[in-house]
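Welcome, and please open your viewer before reading on. Each stop of this tour names something to select and then says what is there.

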Amino acid sequence: MTKTTTAIILICCCISRAQAADIRATEARIIARVPEQKFVIFKTSGMTWEQKKKIVTDGGGRPIRDIALINAVVARFPAGVAPSLQAHPQVFDILDDGIAYMHGYEDNAAIWDGRASAKATAPALMLGTKPQTPKQRVSPRSQPITTVQQTPWNVERVNAPSVWRRSRGKGVKVCIVDSGVDTDHPDLMANVASGKNFLTDSQGHNDTEFDDELGHGSHVSGIIAAIDDDLGIVGVAPGASIYAARVFGKTGSTSWSTIVAALDWCVERRTQVINMSLGSSKENKALGLAIANAYKAGLVVVASAGNSSGGPVGFPAAYPQALAISSSDRFNKLSDFSSVGPEVDLIAPGSGDAKATTGSGRGILSTMFGGGYVEMRGTSMSAPHVTGTVALLLGAAPNLSNEAVGSILRQSATNVGLSASEQGSGLINILAAVDSLGGS
């Protein structure tokens, strides 16, 4: 696919060249090592890290991560897997690692989904005021972003404002597996509860630095939970708590082992819904096991269908435990880039008017690192609308199971006249979903 989309890149977070170089180097190492990396899955739960590490090391591996969610160790095998490890009585399976990509992109900036390109400069947008300088970002509230808050058309389209009297998603923990979040953004910082950086070479190193340096995670976070404060924009669930699992740095690609480690953290933190605006056309068995176990733990898994322009739904969205979300435009038509297939559960806004000029409604407007806003398109943008609606639904009915949540969302969706492979059960409709619960 060579289609591009509209982008408005804003003032970047102020980081040193050394930091940026270190991030790129770490990402490069992660991707370069993928062919040598394996998930070693153990039969017995409760084994210590030292016990598992010895087994892996004796089998020719160099352990990197311990992932409780699938009872596995991620390790590098530069010389291949020793037969003794494959035959070890405690080893259940040895699975390959792989590469995953973001499912959103920006015009004139970078095309993700496996085809990253160099970023170019685009005009800044601060919704009615001058862009902030890095110094001004020390106090994000020192200059108002705008005197009138916008409720984006796409937030209205899923009927979110109609249920805010009954639920704003307050107290609902949303885990966003992405490029991190701008923790200083005036529309996000009040809702950022926790985060962790998984772009590390060893456990515990650099894991608290989960600030977004790409913009994708901040954009997704704003669609889900930008706060309602009379400034900037407002998200679908303005009271939800953001748990940012940083798996992307600056390139839009990462390893599945990095993502599975993030899923493990989401479960450990007892979050209730996971947003995964990412994927790959290739299945990964370890990922599938992690998704299944996260679902067994009670989490709702929301995943973008992919941007293959009518091609098949990617993974993890294609797994039955995930809600696979395709993309609609401002006119409730299928976005030209959206993947489709029998796995699609629901459709949600992921683009605006394809005929609009740059920055004038072609994409979905949301938060960007640096305190500003940007338009992006992609199923990366459609998935967080559903994640936000899940947060609203759980805010209204905290005891709903993840199975019940999926059933309610599908049954309450609005048929917009597309085929089932394009829209699944239809356009997400949180008003109808909450109304189905009864009460007032």
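Start by selecting Arg270, which sits in the loop between helix H6 (256-268) and strand E10 (273-276). Helices here are DSSP runs of H or I with at least four residues, strands are runs of E with at least two, and both are numbered from the N terminus. Although Arg270 is not a glycine, its phi is positive, at about 55 degrees. Its relative accessibility is 68%, so Arg270 counts as exposed. The cut-offs are under 20% relative accessible area for buried, over 50% for exposed and partly exposed in between, with a 1.4 Å probe and protein chains only.

A note on what you are viewing: this is a predicted model, in which local features need pLDDT of at least 70 and side-chain atom pairs count only at pLDDT 80 or more, while totals for chains, interfaces and linings use all residues. Residues are numbered from 1 along each chain as its sequence is written, and side-chain values use heavy atoms, with hydrogens and water left out.

Zoom out for a moment. The protein has eleven helices and 16 strands, and 59% of its 440 residues count as buried.

**Two helix pairs**

Select H6 again, together with helix H7 (residues 285-296): they pack at an angle of about 10 degrees, with axes 10 Å apart. Axes are lines fitted to C-alpha atoms, for helices over the stretch in contact, and angles run from 0 to 180 degrees between N-to-C directions. H6 and H7 are therefore roughly parallel; that word covers angles under 35 degrees, with over 145 roughly antiparallel, 65 to 115 roughly perpendicular and the rest oblique. Show the side chains of Trp256, Val260, Leu263 and Val267 in H6, which meet Ala286, Leu287, Ala290, Ile291 and Ala294 in H7. Contact means heavy atoms within 4.5 Å.

Next, pick helix H8 (residues 379-396) and helix H9 (residues 402-412), which pack at about 115 degrees with their axes 11 Å apart. This pair is therefore roughly perpendicular. On the H8 side the contact uses Val386, Thr389, Val390, Leu393 and Leu394, and on the H9 side Val405, Ile408 and Leu409.

**The cores**

Which residues have the most contacts inside the largest nonpolar core? Select Val302, Val386, Val390 and Leu409, and you have them; the core has 51 residues. H8 gives the most to this core, with eight residues. A nonpolar core is a set of buried Ala, Val, Leu, Ile, Met, Phe, Trp, Tyr and Cys residues joined through side-chain atoms within 4.5 Å. Apart from this one lies another core of 47 residues, including Ile41, Ala72, Cys175 and Val247.

Now centre on Val390: leaving out residues up to four places away in sequence, Val390 touches Val273, Val300, Val302, Val405 and Leu409.

**Last stops**

Move to Ser328 in strand E13. Buried or exposed? With 1% relative accessibility, Ser328 counts as buried. Beyond its neighbours within four places in sequence, its contacts include Lys333, Ile347, Pro349 and Leu427.

Follow the chain to Asn332, in the loop between E13 and strand E14 (344-349). Asn332 is not a glycine, yet has a positive phi of about 65 degrees.

Finish at Pro316, in the loop between strand E12 (300-304) and strand E13 (322-328). A cis peptide bond, with omega about 15 degrees, joins Phe315 to Pro316. Most peptide bonds are trans, and most residues other than glycine have a negative phi.
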